[in-house]
Amino acid sequence: MYSKTDTSQRKVQAFFRLGRSFKVLAFNSAAQSFCEKILKKCLHEDAYFPSLFGNQSRKVEDKLDKAFGGSLEICHISFSSDLGSYQIFLSPVLDENDQFSSLSVSIKKLESQEDSLNGEKLMLQKIIDNIPDYIFVKDREHRSVLFNKKFSENILNKNQENIYKGQTPLDYFEEEKGKKIIADNEEVMRTGNPVINRSDVVITTSGKEERVLLTKVPLKNEENTVTGLIGIARDVTTAYNQEKKKALVFQIMKGFGDFEELKESMIHTLKQLCTRLGFDYGEAYKMSMDGNNLIRTAFWPEDQDLFGKERGSTYQVGEGLPGAVWESKNIQFIRGSNPLLNNMVLEGKGKIESAVGIPVIFQDRIVAILCLGSVKKDKEIEVDFLQEISIQIASVIEGKRSQDQLSNFFNYSLNLIAVVGLDGFVKVVNPSFEYKFGYSSDEILSRPFVDFVHPADLEKVYQAMNDLAVPDEKFEIRCRKKDGTYLWISWRFSRFFKDENIVYVFGTDITPLKEANAQLAVQIEEKNNIQTKLQLSEEKYKSLFNINPMPMWVLDREHLRFLSVNQAAIDLYGFSREEFLNMTVEDLWAPKQEKRIKKVVNDNKNDFFNVKVKHITKDGRFLYVSVKSNPLIYDGIKARVSLVNDITAMVKAEEKLRHSEKRFKSLVQEGSDLISIMDCNYNYIYNSPASKCVFGMDPGQMNATNFLDYIHKRDLPKVNEYLAGLKTHKRIQLPPYRIKNANDQWRWIETIITNLKNDDAVGGIVMNSRDITEFVKQKSQLLESVQRYEVVSKATSDIITDYDIEKDEVTVNKAATKMLGYAIDEIGKTGAWWDDKIHPEDLEGVKELARRMRRHKIRNLTTEYRMRCKDGSYKYILDRSYVITDDEENPKRIIGSLQDITERKKHLLAIEEHNRKLKEIAWTQSHVVRAPLAKVLGLVDLLLNYKNDLDNVDELLQNILNSAYELDKIIKQIATKTEEHL
């Protein structure tokens, strides 16, 4: 396919493996032989590969650098004529971290240019065929140029290598999919912007779905023109499935942590499995306590219970799908007509057509069985994935059921936990009882629990036992310690277990709280005395509040409703006191700050805070204020008093300063103009980032260099002359000058210099420079173009017109005055004026040509018509026009050349008349002359051949003479007519 050379005749190639440092890591025997015989070098590991090639090492190094960047590279090296030329093929190798850590290098002798080309193609095809990714190359018309084996087999379902080359995605994909792919490829080639590692889905010809990371890079030729693109799609399905599994396991484990009951956790697990794996229904089963049955513990969706639609929710070994899983301890699945699926119908979704049962095994013991169902008959069952998931589920279920957690909670809880029987004895107590009361557990369990209750609280306890309920929200009683003292205990009762006649109780020691309440009662009395004094203080405070020159108000702490405002607040905001008292402070907040302010208020509900807020006055003005707020009690209401400081002027000043700083940064740091600071000797102290654009150097490279060293020697005297002006002027503008950039290119620069040496903030000479190279070039080209136009305009006798279609404006040269006889100020500037001068018989033809020119987008047009001069005469005009269009091919201007062809036209008419006369003379010669001549010829023939037999010779001679006279007369007429017209 790629080469005409028989593969059996090919020589073994030299192969090397190189590390990032270009050192040899491994090589074959052909490589060692090549180095010894051709390069005359001894090859060994760690040898620096480029040094093997002597004076060609630099070329090899460059190719190695590019190859480690991720591209396939080919390097040609030549030796003496007897050794020939060789080709080095460099292929980057990806490691497990997706980094190009090594290169695969092969060297092959070039027998001919055709062998070289075919060898490269064959080697490239072999390399990409062995790459596990999808690889394809398209040209600019989206035609296939190259693709690897995986792309051919999995996407095209073809083994022939050339079957789809030269065809587009529309040839081997459905139309919609093909158009989408072409549009995506076109975007890459049009913009030149690559697509890097974009997540995508590939459906292979076998129907398998693969997750890939798609990369598309535009291909460019030596002129940097995009000629196509190369695409690589890396199969990340395994990694995607692993991430999907991790996410699913995380959600399941999270559910077991979030829900207290195992049933809720199992419902959550079924929901995650169904929604993430595409099932419609799920059930979970556990082993019964006696190990003889499977009992359903949960199902999902919770409104789709299939109990009763099959034989039940309890199974034995081998019975139904759960029983089959229990018996085999393996994943089991059923489909279609299996009787186990009969009557398994989901409301709104249809009959379950396929189902899978999954054993959840922990330490070789089934802890649960999960069954998942789908309405799809051909539902894909990811067996390996489900097996991995079941292992994770087993561990969390076992953990949920673990009695160790309950035991730890029971044994290490600081609260009192006990199981009390209705027979009056305590059945179980946790260690906290011994710590709190001093009794051993045996002492507590051997005596009726009423022996430990304060006599005054016995009636409350008996009532609770009779009613099997707690009479009050708080069941607080006193219980005796072993030393005879009592503790106040607040008891909480769990639900009553009727079968066992027991109830779980939980107790909390509230003795410190009771003691604190007693002390609090004393303090309340003292507080009431203090409150009276506070009322007097409050009156004084209100007086200060009302006359304060700063705006102040009091707010309800809970709802932020205004309770009071002073006069200063009324004056600032414009609301009346009554209006304020019907508002909350939120009515003053400008939009988009409610969340921030409420967080401050809620976080400091009972504390001082200071916050900056944007308010709206009654007349719609915006105010920036600083609010300092303290909590207080106002008329018995929890409130806040706030002091408001108007900082609008300060905020606007700060905002103006920020905008100024931002503009300065945009001008200096991001502007295209170069801003520099020099010392007195013109050495650079500072350069803005635009130095990279102007000089091709970073600012750090230019610092400490001298400004004058960059200037063209022809421009330097003029620049020095202007620089001398800094002695008397603070600011000067240099004439345009040339500087040499980092690429040894001369660029035209325009500079304004300001002397700010005495400014402490600058301390130097400030230069504002910009690159005007393109402007200078354009100016030069424009000047040259204008000069050419003026020369052509003066040299030609033709009328040159420039018609602006949008403006309907015509510009002509001076030749129009000479040709048409009008003065320059008499010539109209509109298209209508010129149309009026066209001969009426020619006007419609000219307009039709103009319409065709627009309709068919004709650029060049040549036509002839008559144009009226000032004296009323007409001249024949040859009009050659060229249309100038915009980017969308819409006509914008028409450039025309009008040539006077009147004399030429007259000559043509005269020639046509002359030709007509000549034709008439020729007709006369060929028809009129022939008649008498024919008579003469006939009579002469009679005389010559039959003279002895003729009796009337004299008569014949007389006829010949008459015909001769007639012929002579005709010839004279022809001669006369010829003289008249020639």
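I call a residue buried under 20% relative accessible area, exposed over 50%, and partly exposed in between (1.4 Å probe, protein chains only).

**Entry 1: the model.** I am reading a predicted model, where local features need pLDDT of at least 70, side-chain atom pairs count only at pLDDT 80 or more, and totals for chains, interfaces and linings use all residues. Residues are numbered from 1 along each chain as its sequence is written, and side-chain values use heavy atoms, with hydrogens and water left out.

**Entry 2: helix H1.** I looked up H1, residues 29-39. Helices (H or I, at least four residues) and strands (E, at least two) are DSSP runs, numbered from the N terminus. Ala30, Ala31, Phe34, Cys35, Ile38 and Leu39 are buried in H1. Down the axis of H1, these buried residues fall within an arc of 140°, so they line one face. The arc is taken from the directions from the helix axis to the C-beta atoms. Ser29 and Lys37 are exposed, on the face turned away from the buried side. The buried residues pack against strands S1 (14-19), S2 (24-27), S4 (85-94) and S5 (100-110). Lys40 follows H1 and has a positive phi, near 60°.

**Entry 3: cores.** I then checked nonpolar cores (buried Ala, Val, Leu, Ile, Met, Phe, Trp, Tyr and Cys residues joined through side-chain atoms within 4.5 Å). The largest has 30 residues, and Leu273 and Leu370 have the most contacts inside it. Helix H10 gives the largest share, seven residues. A second, separate core of 28 residues includes Phe34, Leu39, Leu52 and Leu103.

**Entry 4: cysteines.** I counted zero disulfides, taking one as a pair of cysteine sulfur atoms within 2.5 Å. Cys274 is buried because its relative accessibility is 1%.

Key: Contact means heavy atoms within 4.5 Å.
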